[in-house]
Amino acid sequence: MSTRSSPTPEELREWLDVAVDAAWRAGRVTLAYFQTGLRPETKADGSPVTVADREAERFLRTHLAARYPGHSLVGEEMGADEKPSPYRWWIDPIDGTQSFVHGVPLYGVLLGLEVDGTPTVGVAHFPALDETYAAAPGTGCLWNGRRSHVSTVESLAGALVAYTHPRPTTSDAAVAGWSRVCRAAKAARGWSDCYGHCLVATGRADVMLDPAMNPWDSAALVPLLREAGGTFTDWRGRDTIHGGNAVSTNGVLLDSVLKAL
């Protein structure tokens, strides 16, 4: 992979604007199928997929390839189109397909751009809620265009913890860690998938636990949490989108959450 100098503010603004527009347009594709009784198929890993996932990803790949033909593209449903480029777009056309197929509006379209392996631009668009979260270095985390920030809660005893799965099935250790965090918290609620991470980025939750994550689930969220003043790591505290799990915090709570995990 080739390398380059740091992006300019003008480049960052352009990439962010393109990502926001593309995610919104892909969201319109999904809304055509939302709450229509659409039946999902089951992928080899047991997770659901629908025609809406595939059509939204197809739109995003076509749109981004036309705008940036030299950039790499990696999507959940259609795999990787890798190029010798420092730029890689991570695409999750519907994060929260279970929510989508059950008519619950907490699903999102995720777009993340890596520059030289660093998640740099992130957009999470929630079509059924008409909410968009966007961030790049220096922009702050923008929630429908307004700057947002993580909370200032200083202890787990006063924290609201969000989670995707009430009992992680990845391992006994994951179950135990999840349980310790939730028991220590003031409250725990199942506001799942990418929406839980966006709740942390806007100060409406203090911690979000995800026991099973892929890079396309994670790349868009890193800039959002970072620009909001929070953290996005794996359960070992590593700054990576390849850890297989993820925890978002307001930053103040990171050490206590990792210790409990």
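Trainee: Why is Asp234 called buried?

Mentor: In this predicted model, Asp234 has a relative accessible area of 1%, and because buried means under 20%, the residue is placed in that class. Asp234 lies in the loop between β14 (231-233) and β15 (246-249).

Trainee: Which residues are in contact with Asp234, once its neighbours within four places in sequence are left aside?

Mentor: They are Thr240, Gly243, Asn245, Ala246, Val247 and Leu258, and each counts as a contact because heavy atoms lie within 4.5 Å.

Trainee: What makes α5 an enclosed helix?

Mentor: The count is 9 of the 9 residues buried, so α5 is largely enclosed by the rest of the structure. The buried residues are Asp193, Cys194, Tyr195, Gly196, His197, Cys198, Leu199, Val200 and Ala201.

Trainee: How do you know that Asp193 counts as buried?

Mentor: The relative accessibility of Asp193 is 18%, and the cut-off for buried is under 20%, so Asp193 counts as buried. His197, which is also placed in helix α5, has a relative accessible area of 0% and is therefore buried under that cut-off.

Trainee: What does His197 contact, leaving aside neighbours within four places in sequence?

Mentor: His197 is in contact with Met208, Asp210, Met213, Leu221, Leu225, Phe232, Ala246 and Ser248.

Trainee: What makes the phi of Asp193 worth a remark?

Mentor: Most residues other than glycine have a negative phi. Asp193, which lies in helix α5, has a positive phi of about 55° although it is not a glycine. Just after α5, Gly203 takes a positive phi of about 75°. Gln35 is another residue other than glycine with a positive value, its phi being near 60°.

Trainee: Is Gln35 buried or exposed, and where is it found?

Mentor: Gln35 is found in the loop between α1 (9-31) and β1 (41-42). Its relative accessible area is 58%, and because exposed means over 50%, Gln35 is called exposed.

Trainee: Which residues touch the most other members of the largest nonpolar core?

Mentor: That core has 33 residues, and those touching the most other members are Ala124, Phe126, Tyr133, Leu221, Leu224 and Phe232. Two or more residues are given to this core by each of β7 (118-126), β8 (131-136), β9 (140-143), β11 (160-163), α5 (193-201) and α7 (221-227). The largest share, 6 residues, comes from α5. Apart from this core lies another, of 24 residues, among them Leu16, Ala22, Ala23 and Leu64.

Trainee: What is Tyr133 in contact with, leaving aside its neighbours within four places in sequence?

Mentor: The contacts of Tyr133 are Gly122, Val123, Ala124, Phe126, Leu142, Trp143, Tyr195, Cys198, Thr202, Arg204 and Leu224.

Trainee: How many helices and strands does the protein chain have, and why is the chain called as compact as a globular protein of its length?

Mentor: The protein chain has 8 helices and 15 strands. Its radius of gyration is 17 Å, close to the 18 Å that the globule rule gives for 261 residues, so the chain is as compact as a globular protein of that length. Along its principal axes, the C-alpha trace spans about 50 × 45 × 30 Å.

Terms used:
Residues are numbered from 1 along each chain as its sequence is written. This is a predicted model: local features need pLDDT of at least 70, side-chain atom pairs count only at pLDDT 80 or more; totals for chains, interfaces and linings use all residues. Side-chain values use heavy atoms; hydrogens and water are left out. Helices (H or I, at least four residues) and strands (E, at least two) are DSSP runs, numbered from the N terminus. The radius of gyration is taken over C-alpha atoms; the globule rule is 2.2 Å times the number of residues to the power 0.38. A nonpolar core is a set of buried Ala, Val, Leu, Ile, Met, Phe, Trp, Tyr and Cys residues joined through side-chain atoms within 4.5 Å. Buried means under 20% relative accessible area, exposed over 50%, partly exposed in between (1.4 Å probe, protein chains only).
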